[in-house]
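Hi,

Here is the structure I promised to pass on.

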Amino acid sequence: MRVMDKSKSNGRLRRILLLLFMLAFPALVVTRFTNLSNLVGTLVHGKWYWILAALVAQLLFFALDATFYHYSLWTVNVKSKIPQLLPLRFASIFINAVIPSGGAGAVALFVDDASRRGESGARTAVGMVLALVSD
């Protein structure tokens, strides 16, 4: 019985957190609206080949960033795959933008994902601290 109650409370907590993030995202967009209008102006008036080069460079950066986290986790014997870490890295960037906690929100995200995959949460936390310190 207690296992089911704990599972229900975890589900409620996740729904509440999802709702908070869904409310925080529009607030973040509204507070950054001037930046958004500058971005649209740049895209409209910019040269397409420079915009494409910037997009490719940004994608390369995120791929290398996910690789960096992959090897930080590999160092502490936590198995991960770069394609699995890429969405987590995007989510961690969003969490750190919404809740500035010095990277702690991102650590919790990676630890939760590793625990779901059957990996050690403690080792994952150590790997994430290693990544934050190295970065």
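Predicted model: local features only at pLDDT ≥ 70, side-chain atom pairs only at ≥ 80, totals over all residues.

**Helix α3**

Let's begin with α3, which runs over residues 48–75 and so counts 28 residues. From its first C-alpha to its last it reaches 41 Å, close to the 40 Å expected at 1.5 Å a residue.

Which residues of α3 are buried? They are Phe62, Asp65, Ala66, Tyr69, His70, Ser72 and Leu73. These buried residues pack against three helices: α4 (82–98), α5 (104–116) and α6 (121–134). After α3 comes Asn77, which has a positive phi, near 60°.

**Aromatic rings**

I searched the whole structure for aromatic pairs, and there are seven. One of them joins Tyr49 and Trp50: the ring centres are 5.9 Å apart and the planes make an angle of 50°, a tilted pair. Tyr49 is partly exposed, at 42% relative accessibility, while Trp50 is exposed, at 60%. Together with Trp48, Tyr49 and Trp50 make up one aromatic cluster.

Then there is Tyr71 with Trp74. What makes this pair edge-to-face? The centres of the two rings lie 6.0 Å apart and the planes are at 85°, and an angle over 60 degrees counts as edge-to-face. As a reminder, an α-helix has 3.6 residues a turn, so residues three or four places apart point the same way.

Are Tyr71 and Trp74 exposed or partly exposed? Tyr71 has a relative accessible area of 46%, so it is partly exposed. Trp74 comes out at 57%, and because exposed means over 50%, Trp74 is exposed.

**The largest pocket**

The largest pocket has a volume of about 600 Å³. It is lined by 18 residues, and the ones closest to its centre are Leu17, Phe21, Ile95, Leu109 and Asp112. Which helices each supply at least two residues of this lining? α1 (2–31), α4 and α5 do. Of these, α4 and α5 are also among the helices that the buried residues of α3 pack against. By residue type, the lining of the largest pocket divides into 11 nonpolar, four charged and three polar residues.

If you open the model, you could start with the Tyr71 and Trp74 rings and then turn to the largest pocket.

Cheers

Notes: Residues numbered from 1 in each chain as written. Heavy atoms only, no water. Helix = DSSP H or I, 4+ residues; strand = E, 2+ residues; numbered from the N terminus. Expected span 1.5 Å × (residues − 1). Buried < 20%, exposed > 50% of the residue type's maximum accessible area, 1.4 Å probe, protein only. Contact = heavy atoms within 4.5 Å. Phe/Tyr/Trp six-rings, centres within 6.5 Å; stacked < 30°, edge-to-face > 60°. 1 Å grid on protein atoms, 1.4 Å probe; cavity = no way out; pocket = protein on both sides within 12 Å on 5 of 7 lines; lining within 4 Å. Points joined across faces, edges and corners; volume = space filled by probe spheres on them. Nonpolar A, V, L, I, M, F, W, Y, C, P; charged D, E, K, R; others polar.
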